[in-house]
Amino acid sequence: MVERSGPPYRLALPEPGQTYEQDVEYCVLDTGSGWEEYRFHDYDRLYRVPGLYEKLFYDILQCQSPPVVCDLLAAHLGEPAGLALSDVRVLDVGAGNGIVAEELRSRGVGAVVGIDIIPEARAAAERDRPGVYADYHVVDLTALDDDKAETIAAGGFDAMTCVAALGFGDIPPEAFRVAFDMVAVDGIVAFTLRDDFLTDGDTTGFAGLIGSMLGSGELEQLGSTVYQHRLATSRDPLHYRAVVARKRSARV
Ligand SMILES: C[S@@+](CC[C@H](N)C(=O)[O-])C[C@H]1O[C@@H](n2cnc3c(N)ncnc32)[C@H](O)[C@@H]1O
């Protein structure tokens with residue numbers, strides 16, 4: 001194990017070279033009462049420890065997704081879309097503790113509204129990045145009643161981000177669809193997916209959903225880039241695709 005220290009916890013990762021699928025990757029953490037295993041998808045436990053998410057994914061595993069996606073989105077918002085960035089309102093889906101919102105606000109985006117399924121994400125965003133979200137909804141997008149969906153959509157969104165949150169037991173295709181329906185026609189969406197989730201062999205349902213939205217003309221792809229999302233715990237690079245697209249019409 002490689003041990004990394006830093007108050008107020010000790011953190012260690014599996015030896016490089018041991019390979020795990022992303023939804024079973026883990027670290028071990030000692031916050032003062034002994035080592036405990038934390039799966040990377042135990043977001044509620046990770047967010048409860050201030051600074052742990054940033055230490056693990058950004059400092060150690062070199063996550064690049066928020067700046068890559070926010071640069072791609074910003075390049076298609078503002079002047080190209082005929083909008084002042086300061087007037088743009090973005091719906092950030094699978095928002096977590098607010099890293100994407102911070103990146104958007106630092107690029108001049110006027111307002112960001114977050115959605116996440118767990119209350120610990122909103123609590124961590126309020127604790128670590130107070131004021132970065134204009135609003136933050138803790139909801140399950142797969143079980144949203146019409147009133148709540150209308151209340152969120154009434155926020156009037158020119159854009160949507162969904163960063164490092166699709167697939168792997170996180171946001172399923174039907175939840176992505178529900179969030180997409182909240183974005184205004186002509187709005188810009190930017191999201192990341194593991195590169196193979198958009199290929200013919202995909203079994204997650206995302207290739208089918210995105211393919212049918214592109215095929216029907218509901219979605220127009222504006223750009224896409226393959227980049228290093230982060231390192232796996234094996235220390236091998238994980239490649240994702242970032243996509244930016246325009247919503248051309250409401251659901252067809
Ligand atoms: C890897 S984190 C990414 C957080 C943030 N987008 C970032 O880039 O730092 C994935 C987030 O998606 C959230 N999530 C998982 N399933 C979800 C769902 N069905 N609806 C909304 N959020 C979900 C998790 O709670 C977690 O906060």
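These are my notebook entries on a few residues I looked up in this predicted model.

**Ground rules.** I number residues from 1 along each chain as its sequence is written, and I leave hydrogens and water out of side-chain values, which use heavy atoms. As the model is predicted, local features need pLDDT of at least 70 and side-chain atom pairs count only at pLDDT 80 or more, while totals for chains, interfaces and linings use all residues.

Q62 sits in the loop between α2 (52-60) and α3 (65-76); helices (H or I, at least four residues) and strands (E, at least two) are DSSP runs, numbered from the N terminus.

My next stop was D186, whose phi is positive at about 80° although D186 is not a glycine. I located D186 in strand β9 (residues 183-194), and D186 is partly exposed at 43%.

**Entry two: a glycine in a loop.** Where does G32 lie? I traced G32 to the loop between β3 (26-30) and β4 (35-39). G32 counts as exposed, with 71% relative accessibility. I also noted that the C-alpha atoms of G32 and Y9 are 6.8 Å apart, though the two residues are separated by 23 residues along the chain.

I found D145 in the loop between β7 (135-138) and α6 (146-153). D145 is partly exposed, at 47%.

Note on methods
Buried < 20%, exposed > 50% of the residue type's maximum accessible area, 1.4 Å probe, protein only.
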